[in-house]
Amino acid sequence: MLPFGNTFRAINLAFKSLLLHKLRSGLTMLGIVFGVFSVIAMLAIGEGASAQAQQQVLALGATNIIVLSVKPPADSAQAGGGGSRGRSFGLQYGLLRSDYRLLRGLPSIVGAVPIREIFSETRYLQKTPNARVVGCTSQYPDMNHLTIQQGRFIADADEDKLLNVCVLGAGIAAELFPFDDPLGKAVQIKSYRYEVIGITQERTASAAIGGSMSGQDYNKDIYIPLKTFQVRIGDRVATAQAGSFSAEQVELNQITIQVREQKDVLPTAEVIKESLTRTHGTKKDWDVIVPLELLRQADQIRQIFNIVLGSIAAISLVVGGIGIMNIMLATVTERTREIGIRRALGARRSDIVQQFLTETIVLAGAGGLIGVLMGLATPLAFEGIQWIVEHFVLDAATQNSPLSKMFTDMHPKINWFSLPVAFGISVGIGIIFGIYPARAAAYMDPIEALRHE
Amino acid sequence: MRLAAQLVDLEKHYHLGEHTVKALRGVSADFPEGDYVAIMGSSGSGKSTLLNILGALDRPTMGNYILAGYDVGTMSDDELSEIRNRRIGFIFQSYNLIAQNTVLENIQVPMLYRRDARRISAADEHRCLDLAAKVGLGDRLDHRPFQLSGGQQQRVAIARALVNDPEIILADEPTGNLDSATEKDIMNLLSALNDEGRTIIIVTHETSVARRAKRQIVMKDGLIERDGMLLTEDGK
């Protein structure tokens with residue numbers, strides 16, 4: 001290799017030649033600048049989106065298995081439905097309390113929370129917001145990573161005594177009690193009143209993942225003891241809509257099961273599926289969701305995203321490289337005379353190759369460096385875009401939709417690994433697209449080159 | 001007397017399609033050390049081709065060109081580059097300075113391409129300053145070519161030609177772009193160099209320039225027509 005001082009001088013010479021045409025060099029560099037910037041920005045946005053998805057899946061609990069009641073299609077429900085259970089009341093489906101007792105007994109399970117939920121109007125004075133009323137046990141907050149902001153959560157004793165108590169989600173609490181302290185007040189749900197004993201901390205909604213689970217807004221929940229739910233509200237829910245009346249009977253909507261370690265998740269999920277298939281027979285009125293599996297899917301989607309986005313950005317890098325090559329070819333033609341002079345004064349072909357290659361690499365490298373610096377500003381730029389979207393694109397109605405929330409809550413995460421890689425690629429592009437013009441310069445006939453006007 | 005350069009039956013053929021043009025058809029000449037030769041001839045006589053070969057920019061088709069004991073005709077491209085760098089000093093009609101470099105940097109260019117010592121040492125720097133002073137440009141070291149007159153630019157080129165202490169100095173119409181007063185200055189400078197013992201070969205078609213040389217070679221149709229003291233300084 002060349003001695004260090006020589007390389008330094010070559011770089012110095014390259015800078016001098018490039019600064020001779022500042023505007024041209026600057027414009028040529030832009031292609032690489034934006035290429036590198038878009039590689040870093042795309043990866044940062046992809047990373048941010050995946051981090052968000054992972055966080056949401058993790059919120060469901062990586063060691064959790066969620067067993068859901070699913071409303072079967074109408075015809076299969078009638079075929080395998082109510083008849084066998086004697087007295088039929090509308091549509092009867094879903095998980096049973098016996099399922100819960102069965103699953104709770106499985107080995108490797110450390111906790112199980114049965115949940116019954118309905119959507120109902122609630123009332124405090126003249127406020128009547130709709131809320132999701134959740135009947136659950138004392139273990140619920142642990143499994144769903146809920147924290148209590150004020151007061152306490154439902155205790156086992158509440159359940160044993162069938163107390164009319166409730167815990168409000170932060171959102172519903174603010175709606176029902178805009179001015180008062182909710183603790184100790186009574187909220188009416190259906191035909192009973194429940195004393196507020198606690199309020200949960202605000203928690204970001206989990207978005208729908210992979211189409212298998214609808215988005216969940218924990219802030220609009222009201223929690224009451226499960227046994228109280230059974231006694232006061234019951235399994236049967238009748239809804240009267242304009243012109244039609246429908247009723248369904250569900251014992252449990254969901255059982256959240258927690259296993260000891262992550263490696264137990266998948267085998268346990270299999271066991272659960274088998275036992276439920278045995279007890280429910282052909283009636284497919286349940287489903288098992290494994291957040292860990294969703295996490296893996298999210299991870300795969302992230303990888304696909306990164307590859308696709310990265311490739312698109314890489315195309316712009318290649319375009320930038322072609323731009324550089326184009327300008328360097330023009331430069332070589334323009335400086336034919338200089339090449340002839342240098343050759344006459346003793347420059348070898350390799351000296352000429354080195355000179356022009358260094359120039360291209362310096363051009364691409366400088367572009368890469370600027371691109372990296374701009375890439376570092378990605379989060380800032382993204383915030384600007386978010387601001388524009390929030391103020392000019394979304395109106396009040398769409399502002400709170402899960403999709404727009406997902407966008408506005410997203411934060412690009414710069415992948416530190418992408419900085420040196422993007423810079424390295426830009427230098428590599430300088431080499432690849434510099435070799436041809438440099439060789440074209442070196443292989444000119446020195447006599448012709450000297451005669452060139 | 002030692003020979004700086006020697007031409008033996010030099011031929012140069014160009015292939016243009018099916019035709020072969022013989023630009024040189026057997027040129028032989030000796031250039032002793034300290035000689036001062038003017039090569040003359042009309043266009044098409046082969047003097048440019050001869051100059052290219054003398055300058056190691058081109059290889060002869062047949063015959064030998066011996067420069068400082070090396071047979072240039074059989075050399076590789078890299079070896080030719082080295083010969084040009086160490087043994088030949090070029091002076092061109094249109095000066096051929098590098099536009100973005102200063103006077104001092106232009107003088108240094110041949111030093112950058114030395115095979116053994118690419119680094120410019122303090123002694124090298126000193127040598128460049130001495131040469132600049134010698135050609136009368138000691139106070140314009142930081143100027144760029146476009147800030148200099150034609151005569152000054154040619155002085156820079158002369159200093160550059162001397163920087164690696166070459167065997168011969170090749171000048172191609174060195175005063176072709178200059179007025180007569182400046183022409184005289186430049187020719188005086190070349191004569192002074194010859195007086196120091198440097199071998200100078202100058203290609204020209206102006207008798208006023210050729211007259212300053214010790215010897216004249218007249219080319220015609222690819223051959224040397226006449227060789228000797230054809231013109232004297234005080235007129236023929």
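This is a predicted model: local features need pLDDT of at least 70, side-chain atom pairs count only at pLDDT 80 or more; totals for chains, interfaces and linings use all residues.
Reader: Which residues make the nonpolar surface patch?

Author: The model places L23(A), L27(A), L30(A) and F34(A) together in a nonpolar surface patch of about 420 Å². One of these residues, L27(A), belongs to helix α2, which covers residues 22-60 of chain A.

Reader: Is L27(A) buried or exposed, and why?

Author: Exposed means over 50% relative accessible area, and L27(A) counts as exposed because its relative accessibility is 52%.

Reader: How should I read a salt bridge, and how many salt bridges are there over all chains?

Author: The general idea is that side chains of opposite charge can pair when their charged atoms come close. In this structure, the count over all chains comes to 31 salt bridges. Among them is the pair of K283(A) and D285(A), whose closest N and O atoms are 3.7 Å apart, and both K283(A) and D285(A) are buried.

Reader: Which parts of chain B does the pair of R215(B) and D35(B) tie together?

Author: R215(B) forms a salt bridge with D35(B), with 3.0 Å between the closest N and O atoms. Because R215(B) lies in strand β9 (residues 215-220) and D35(B) in the loop between β2 (19-32) and β3 (36-40), the pair ties together parts of chain B that are 180 residues apart in sequence. Both R215(B) and D35(B) are buried.

Reader: Which residues do salt bridges that share partners join into one network?

Author: That network joins R335(A), E338(A), R342(A) and E359(A). Within it, R335(A) and E338(A) form a salt bridge whose closest N and O atoms are 3.0 Å apart; R335(A) is buried, with a relative accessible area of 10%, and E338(A) counts as buried at 8% relative accessibility.

Notes:
Residues are numbered from 1 along each chain as its sequence is written. Chains are lettered from A and ligands numbered from 1 in the order in which they are written. Side-chain values use heavy atoms; hydrogens and water are left out. Patches are made of residues with over 30% relative accessible area and no salt bridge: like charges are joined within 9 Å, nonpolar side chains (Val, Leu, Ile, Met, Phe, Trp, Tyr) within 5 Å. Accessible areas come from the Shrake-Rupley method with a 1.4 Å probe; for residues, only the protein chains shown count as cover. A salt bridge is a side-chain nitrogen of Lys or Arg within 4 Å of a carboxyl oxygen of Asp or Glu. Helices (H or I, at least four residues) and strands (E, at least two) are DSSP runs, numbered from the N terminus. Buried means under 20% relative accessible area, exposed over 50%, partly exposed in between (1.4 Å probe, protein chains only).
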